[in-house]
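Here is a friendly walk through one protein model, written for someone who likes to look at the residues while reading. Please keep the viewer open as you go.

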Amino acid sequence: METQSENACFGGIQGVYTHSSASCACDMTFGLFLPAEARDGPVPLLWYLSGLTCTHENAMTKAGAQAWAAEQGIALVFPDTSPRGDDVADDEAYDLGQGAGFYLNATQTPWAEHFRMWDYITDELPELLGNAFALDMQRQAITGHSMGGHGALTIAMSLPGRYRSVSAFSPITNPTAGDWGRKQFTAYLGKDETLWSPHDATLLMEKNGFDGPMLIDTGTKDQFLDLLKPEALAQAATARRQQMTFRMQPGYDHSYFFVSTFLADHVNFHAEALWA
């Protein structure tokens, strides 16, 4: 692992690190904010998974999350959204290829060699973080935006007991039933739709639910609202009687202006679960 930068930030350190990833067969970069409390011992960890076209930098520089994490004494990790490099397959469309890993393990050519973001997020990066930094890996929570909200929800509901809480901003909630999902799932996983369901938050809610608190925020003026399908997840959660706070925020769109407005709510929500 190589340190790209480390900057003082709200009493802690905002670092950027690169390492060789066995899962993705390329170099991967992530951001990690450690609060001042990490100098004295391990602190809880909140994952932030970003959306389409993003890198590790978007939330790290736009969301203002470090201020709230520092106040609560928790760490924040900002992984990249996909493998990258000259040898990594890509596509001209913004919603496929580099920047669009969809937090799954691809099985189809040409994606299978590198696009193993599920393994990277759930196995490889947690092991690296736990070994290299002052983090309490028994206290983890996860959130994300858009495609990252999809990833946060599907990962949390697939790994019972791993995360104390889960939240999402404008998540893609029912991808098997919409254009965002069917295109990518066909490309990455093939035409057998039975292989898609483990990556659909609405279907996972119907099957598994989540063993902890959930918080979902979506803007009423989100330009992608018909693709996100928040009502599908809300209906599945209601039918399951899942513990969840579901909010449609009037006037907000899909941007980081929306995310930054409500991020304090989400960090505080996770901190309550992490320190319980």
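## About the model

This is a predicted model, in which local features need pLDDT of at least 70 and side-chain atom pairs count only at pLDDT 80 or more, while totals for chains, interfaces and linings use all residues. Residues are numbered from 1 along each chain as its sequence is written, and side-chain values use heavy atoms, with hydrogens and water left out.

## Helices α3 and α4

Start with helix α3 (residues 117–132) and helix α4 (residues 147–158), whose axes come within 12 Å and cross at roughly 60°. Helices (H or I, at least four residues) and strands (E, at least two) are DSSP runs, numbered from the N terminus. Axes are lines fitted to C-alpha atoms, for helices over the stretch in contact, and angles run from 0 to 180 degrees between N-to-C directions. The α3 and α4 pair is therefore oblique; angles under 35 degrees count as roughly parallel, over 145 as roughly antiparallel, 65 to 115 as roughly perpendicular and the rest as oblique.

The crossing of α3 and α4 is right-handed. A crossing has that hand if the near helix is turned clockwise from the far one by less than a right angle, and is left-handed if anticlockwise. On the α3 side, the contact (heavy atoms within 4.5 Å) is made by Trp118, Ile121 and Thr122, and on the α4 side by Thr154, Ile155 and Ser158. Sorted by class, this contact of α3 with α4 has three nonpolar, three polar and no charged residues. Here Ala, Val, Leu, Ile, Met, Phe, Trp, Tyr, Cys and Pro count as nonpolar, Asp, Glu, Lys and Arg as charged, and the others, Gly among them, as polar.

## Helices α2 and α9

Now look at helix α2 (residues 65–72) and helix α9 (residues 256–274): their axes come within 9 Å and cross at roughly 30°. The two helices, α2 and α9, are therefore roughly parallel to each other, and their crossing is right-handed.

Which residues of α2 and α9 meet? From α2 come Ala65, Trp68, Ala69 and Gln72, and from α9 come Leu263, Ala264, Val267, Asn268 and Ala271. The contact of α2 with α9 has seven nonpolar, two polar and no charged residues.

## Nonpolar cores

A nonpolar core is a set of buried Ala, Val, Leu, Ile, Met, Phe, Trp, Tyr and Cys residues joined through side-chain atoms within 4.5 Å. The largest one has 62 residues, of which Phe30, Leu129 and Tyr188 touch the most other members. Helix α3 gives the most to this core, with seven residues. A second, separate core of 23 residues includes Leu46, Ile74, Phe262 and Leu274.

## A buried methionine

Met147 lies in helix α4. Met147 is buried, with a relative accessible area of 0%; buried means under 20%, exposed over 50% and partly exposed in between (1.4 Å probe, protein chains only). Leaving aside residues up to four places away in sequence, Met147 touches several residues, including Ser50, Thr81, Phe102, Tyr103 and Ile172. The C-alpha atoms of Met147 and Tyr103 are separated by 8.2 Å, with the residues 44 apart along the chain.

## Backbone features

A cis peptide bond joins Thr109 and Pro110, with omega about 5°. Pro110 sits in the loop between β5 (75–79) and α3.

Thr53 is not a glycine, yet has a positive phi of about 75°; its place is in the loop between β4 (43–49) and α1 (57–62). Ser170, also not a glycine, has a positive phi of about 45°. Ser170 is found in the loop between β7 (166–169) and α5 (179–189), and is buried, with a relative accessible area of 0%.
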